[in-house]
Amino acid sequence: MATLILSSSLLWILTVDAVVASGCMEVERNALLTFKSGLVDPQNLLSSWEGEDCCKWRGVACSNTTGHVVKLNLRNRNSCDIFIEECLCLSGEINPSLLLLSKLEHLDLSMNNFSGTSIPAFLGSFENLRYLNLSYARFSEKIPPQIGNLSKLHYLDLGFDFTFSATLRVDDILWLTRLSSLKYLDLSWVNLNTSTGWLHAVNMLPSLKVLHLAACSLPGISTSLSHFNLTTLDVLDLRDNFINSTLPTWLRNLTSITYLDLRYNEFYGVISDELLHLSTLNVLFLGDLSDNQIKGRLPLLTAFYGVLLLNNAWRSAYFSMIDIVSLVPLSPNTEYMDFTENHPSGLHCHSTLAGSCSILRLVTLA
C-alpha cells in the first residue's frame, strides 16, 4: 500500500514537472483559445496564439515554478486616434473561459474597443488578481459590484474614454470598500453622480497611494472626516467635477501628498489653512479663479520642484505679476512655473520672482 502511494506521488510530481517543462497547462491553453475565438482581431495581433506552449504567446506570461498563466496583457499599444470610432484594436466579447486561468494575477485589456458590452461580472471571481486595467476599452453601462470581491487587488484602472458616446457608471460605490489592499485607483470619467458616499468609501482604503477621480460628476464632497485613513496618498486628482464647497479641512492631513489637482471645480474660501502642512507637495493645480473662488497666500512649500499652478487664471487686469508673486511664494527648489493663458498685466519678470528661487529654469507667461 505504501509503495502504491509513493508511486502515485512520484507519478504526480513527474506529471507536474512535465507540464511545467512544456511551459503551459493544457486546460489554460484551451481556455485562452476559447477566449480568442470570441474576439475580433483586425490586425491579427494574436497570430502567435498557436502551438502547444501558450506561455510564449503574445501577452501571456506564466509562472516559472507552476506553469500557470499569471499574466494576460492585451493592452493595445498601436498608435491610433481615440477620436476615430473605428480604431484597429481588439473588440468582441470577453469569454468566461478566462476563469480557468485560476492563478491569474494581472489582467490588462485597456485601449481596446469593447463598445456595446458591459464589464463582465465574472471578472470579480479571480481570487488571485492583483492588477486590473480596463481603461479606455469602451465598456459601458454599470460597473458590476462583483469587482469588490477582488480582495487582493492592488491596481484598478477603469478610467473611461470621454470621447465615447456611451457612459460607464457606478450606482452604489460600497463595493469599493472591500478592496482593502488597493494602492492605485482610477475611475476618471466614470459617472459617480449617485455615489454620495464616495469619499467615505475611498477613506476605507488605507493603502491607497494614487486616486484619480477626474470628471466623475461627484455629488459633492465632505469637508471633514471623523477619522482620516488616507495618510499614504501620494496623488489626488479631483479635477473637472465642479464641486461647490469650501476647501475640505482634511486636505491638511494629506501628509504624503506630492500631486494635488483641484482644477475646474467651484471651491471657495481661504486656502492657506488647508494647505499649510503639505510639506511634501511637488505639483499643485488650482485652475481658473472664475471657478475656484479661493483666496489667501499659499504657504511656502519647500518640496515644490515643478509648479503648474493656476492655469487659465488671472485673466482680469486687476492682477499683476506682483500680485502673483505675493500669492505664490517660491521655494528654493522650484524649477519651473507655468502661467500659460493667464495674461497677467505687466509681462515682465519681476525682481521678486527672479530672486525667490536660485534654480528657477522656466517661467511661462504667454
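Trainee: Cys 24 and Cys 54, are they buried or exposed?

Mentor: Cys 24 is buried, and Cys 54 is buried too. Keep in mind that this is a predicted model.

Trainee: What joins Cys 24 to Cys 54?

Mentor: A disulfide, with an S to S distance of 2.0 Å.

Trainee: How many disulfides does a search of the whole structure find?

Mentor: The search finds 2. Cys 55 and Cys 62 also form one, with their sulfur atoms 2.0 Å apart.

Trainee: What is the handedness for Cys 55 and Cys 62?

Mentor: Left-handed, because the torsion about their S-S bond is about -95 degrees.

Trainee: Is Cys 62 buried or exposed?

Mentor: Buried. Its relative accessibility is 17%, and the cut-off for buried is under 20%.

Trainee: What about Cys 89 and Cys 216?

Mentor: Cys 89 is buried, with a relative accessible area of 4%. Cys 216 is buried as well, at 0% relative accessibility.

Trainee: Switching to rings. How many aromatic pairs does the structure hold?

Mentor: It holds 7. One of them is Tyr 155 with Tyr 184: the ring centres are 4.2 Å apart and the planes are at 5 degrees, so this pair is stacked.

Trainee: Where do Tyr 155 and Tyr 184 lie?

Mentor: In strands. Tyr 155 is in β8 (residues 155-157) and Tyr 184 in β10 (residues 184-186), so the pair ties together parts 29 residues apart in sequence.

Trainee: Now Phe 228 and Trp 250. Why does that pair count as stacked?

Mentor: Their planes are at 25 degrees and their centres 6.1 Å apart, so the pair is stacked. Phe 228 is in the loop between β11 (210-212) and β12 (235-237), and Trp 250 in the loop between β13 (244-246) and β14 (259-261), so they tie together parts 22 residues apart in sequence.

Trainee: Phe 228 and Trp 250, buried or exposed?

Mentor: Phe 228 is buried at 13% relative accessibility. Trp 250 is buried at 4%.

Trainee: Which rings link into a cluster?

Mentor: Phe 35, Trp 49 and Trp 57, through ring pairs.

Trainee: What sits over the ring of Phe 285?

Mentor: The charged end of Arg 263, 4.0 Å from the ring centre.

Trainee: What does UniProt place at residues 28-63?

Mentor: An unreviewed UniProt entry puts the feature "domain: Leucine-rich repeat-containing N-terminal plant-type" there. In this model, residues 28-63 are 28% helix and 14% strand, and the end C-alpha atoms of the span lie 13 Å apart.

Trainee: Zooming out, how many helices and strands are in the protein?

Mentor: The protein has 6 helices and 20 strands. It has 366 residues, and 49% of them count as buried.

Trainee: And the accessible surface, what does it come to?

Mentor: About 17000 Å², with 54% of it belonging to carbon and sulfur atoms.

Definitions and conventions. Residues numbered from 1 in each chain as written. Predicted model: local features only at pLDDT ≥ 70, side-chain atom pairs only at ≥ 80, totals over all residues. Heavy atoms only, no water. Disulfide = S-S within 2.5 Å. Buried < 20%, exposed > 50% of the residue type's maximum accessible area, 1.4 Å probe, protein only. Phe/Tyr/Trp six-rings, centres within 6.5 Å; stacked < 30°, edge-to-face > 60°. Helix = DSSP H or I, 4+ residues; strand = E, 2+ residues; numbered from the N terminus. Lys NZ or Arg CZ within 6 Å of the ring centre and 35° of its normal. UniProt positions renumbered as here; feature names shortened; annotations may be inferred. Areas by Shrake-Rupley, 256 points an atom, 1.4 Å probe, with all protein chains shown as cover.
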